[in-house]
Amino acid sequence: FRNALSPHNLLYFPHSDNSCPTSGRDTQRSKLQHRRARINQQINKEMRMRAGAENLFRATTNNKVKETVALELSFVNSNLQLLKEELEELNSNMEVYQTESEAINVPMIPLGLKETKEVDLTVPLKDVICEHYGEDSSLFEKEIKEFMELRQAMRTPSRNEAGLELLMEYYNQLYYLDQRFFPPHRTLGVHFHWYDSLTGVPSCQRALAFEKGSVLFNVGALYTQIGARQDRSATAGIDCAIDAFQRAAGAFNYLKENFSNAPSLDMSGPSLCMLVRLMIAQVQECVFERVTLTTPDTHFITQLQVAKEAARVSDVYSLVLQTMSQTLVKDYVPFSWASMVQVKAEHFRALSHYNAAVALCDHTRKYLWSDEESAKALFQFHVSSPAGPPLSQVLRDPEDRRKLGKAHLRCAVIRHEEAMRVHGLCKILRKMDILQEVLSFMYKRSLDKYSEMDREDDFDETAEAPEIHSQTQHKPDITPPNFSTVPVTDIFQRLGPLSVFCARARWGPVRVVSLQRGDGGLGLTLRGDSPVLVAGVVPGGCAQEAGLREGDYIVAVDGEDFKWVDRRQVMLSPSGDEANALQRTMGRAKGQRTAPLLNWNRKKTGGGGRATKRLGSTFSLPFGNLRDCESMY
């Protein structure tokens, strides 16, 4: 599992408190997540039993044993099927994530969080601290505990902004953990276990990228839950839902573009593409709801625009349904999801035809034909010209407008009936009272309008209404995740500046160097800060005799950590004469020139020309006395 991520330059920002009043709906969501976790564990157990039974079946040559194992396999497969059906029903539970408002809205499709097992990183991190950095690992128990507590809290985030910040904080800390403890060509032997969000099938990898991708997936899933819980009866709630679904689409899209070879189906390319399109469709649905709230329904042109918005929602849901019908996704997506998407595609197509009929039948003014703007709007409204008289005559004749409106109403009724038929085929959707209420209300409204338009002397067969051009006033955006919104400080910063003290650097053993200043000074030059670099060593000087080399770093003086200090702090004399101390420190031996300031000691490997950093010793710069110091190179 690979990822391509740019480094973050993050500052410390105190983490916000996650504590908040818990509502009944929050409690239901928590119970739902706990039930999902329990089923995931049972699925994992059954799959291990099945793997063992299959291995025994292949290995044995005893027919009686084979029969017993085959019988056991049938029981295990039966249990697995029941568990997966139970998990699918939980994942299809959309009502618990919806708003508690009394307003009637079509439910949105949220996504459950991925579950993970506990991981104990204490021993692996201590080993790296001791072996790679040469530090006493017992001094970093506080940092290790802080990181482990952060991971534990990340497993159960609250369904609000604080939960998102918690996930982003852990994701940003993983960047530092990767740089500090995961070298490019070696693993720590730590296995990260995550469960598929829809099927519950466990996946396990040693790559930290799998941990990063799973956390980012949960960021997107949490945004879907936040978007579904918004009260969309007011524009403020609609705008919040739009923002949440756009950010969910951005998280899934970022995951699709930057991570590959995912071991679980929910993070595969086709599944993520489906999720991005589903989120965009739900954004488009929210846009339609906002248009209906803010657009007056008394104007001919605005009524046509509402019809075009509804047609656009139907189109994007039809595209989602096509994506769900693909080979790699068809058997993975819950049946209730596909049914809901199909219901919405038919439902909003019906609303499009209904609004077209209202525009044509309720605006019976005879001067519509003289309004150039209205005429242009109607000419551009249909995909193809309707059967019957030309549109210019339809504008002039109220009767022709009534007949065309009746044709659109007939299409609306047919689409509503299809939506209710698909709804009735899905057991889970039938349990959603609010969806049943919305579909029934809209269907009855279209039937009543059709009956109103129907006349006893209307013997002509109703013509087929042409399809409506889809158009939107607000194109949905895919908002990528902004990791800098939750700045963090590196938990393991005491190891030293990340640019030098990282897993990619190759360190030698720790050694102690003692320096005593001679008549010609210490015989070395320094460069850089945090940590200070030994840029040059004068041949024959005190530094060379003590064993210092170009490229060594000062990381400790007399047991005091100097990884984060600047050059002036190292060179200050006890008398405080900074300028003289600097001269004495960089003084040269008799007859010798001061060594040039070198940034890095680089060596080219054969053929590839790859530069490697030689990281060096830690030492003190005493003035008039002898000091012991540690060094690593």
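Where in the chain is the place of N261? That is the starting point for these close-ups, which all come from a predicted model.

**Figure 1. N261 sits in the loop between β4 and α8.** The loop lies between strand β4, residues 259–260, and helix α8, residues 269–294. Check the backbone here: N261 has a positive phi of about 55°, although it isn't a glycine.

**Figure 2. Helix α7 packs against α8.** Helix α7 covers residues 235–258. The axes of α7 and α8 are 9 Å apart, at an angle of about 165°. With anything over 145 degrees counting as roughly antiparallel, that angle makes α7 roughly antiparallel to α8. As for handedness, α7 and α8 cross in the left-handed sense. Sort the residues of this contact by type and you get 18 nonpolar, six polar and four charged.

**Figure 3. Helix α9 also packs with α8.** Here the partner is α9, residues 300–324. The angle between α8 and α9 is about 165°, and their axes are 9 Å apart. The two helices are therefore roughly antiparallel to each other. Their crossing is left-handed. On the α8 side, the contact residues include M274, L278, A281, Q282, F288 and V291. From α9 come, among others, V306, A310, V313, V316, Y317 and V320. Charged side chains join in too, including R277 and E285 of α8 and E309 and R312 of α9. Overall, the residues of this contact split into 14 nonpolar, four polar and four charged.

**Figure 4. Q282 is a buried residue of helix α8.** How much relative accessible area does Q282 have? The value is 0%, and with under 20% being the cut-off for buried, Q282 counts as buried. Setting aside neighbours within four places in sequence, Q282 touches M108, I109, F245, Y317 and K344.

**Figure 5. F147 and Y170 form a tilted aromatic pair.** A search of the whole structure turns up nine aromatic pairs. In the pair shown here, F147 and Y170 are 5.6 Å apart centre to centre, with 35° between the planes. F147 is in helix α4, residues 141–154, while Y170 is in helix α5, residues 161–181. The pair links distant parts of the chain, the two residues being 23 apart. Both F147 and Y170 are buried.

**Figure 6. Y175 and Y176 pair edge-to-face.** Their rings are 5.3 Å apart centre to centre, and the planes make an angle of 70°. Y175 counts as buried because its relative accessibility is 14%. For Y176 the relative accessibility is 9%, so this residue counts as buried as well.

**Figure 7. Three aromatic residues form one cluster.** Which residues form this aromatic cluster? They are Y133, F181 and F492.

Figure 8. The protein chain has 19 helices and 13 strands. Of its 633 residues, 50% are buried. Among contacts between residues at least 6 apart in sequence, 78% join residues at least 24 apart.

Note on methods
Residues are numbered from 1 along each chain as its sequence is written. This is a predicted model: local features need pLDDT of at least 70, side-chain atom pairs count only at pLDDT 80 or more; totals for chains, interfaces and linings use all residues. Side-chain values use heavy atoms; hydrogens and water are left out. Helices (H or I, at least four residues) and strands (E, at least two) are DSSP runs, numbered from the N terminus. Axes are lines fitted to C-alpha atoms, for helices over the stretch in contact, and angles run from 0 to 180 degrees between N-to-C directions. Angles under 35 degrees count as roughly parallel, over 145 as roughly antiparallel, 65 to 115 as roughly perpendicular and the rest as oblique. A crossing is left-handed if the near helix is turned anticlockwise from the far one by less than a right angle, and right-handed if clockwise. Contact means heavy atoms within 4.5 Å. Rings of Phe, Tyr and Trp (its six-membered ring) pair if their centres lie within 6.5 Å; planes under 30 degrees apart count as stacked, over 60 as edge-to-face and the rest as tilted. Buried means under 20% relative accessible area, exposed over 50%, partly exposed in between (1.4 Å probe, protein chains only).
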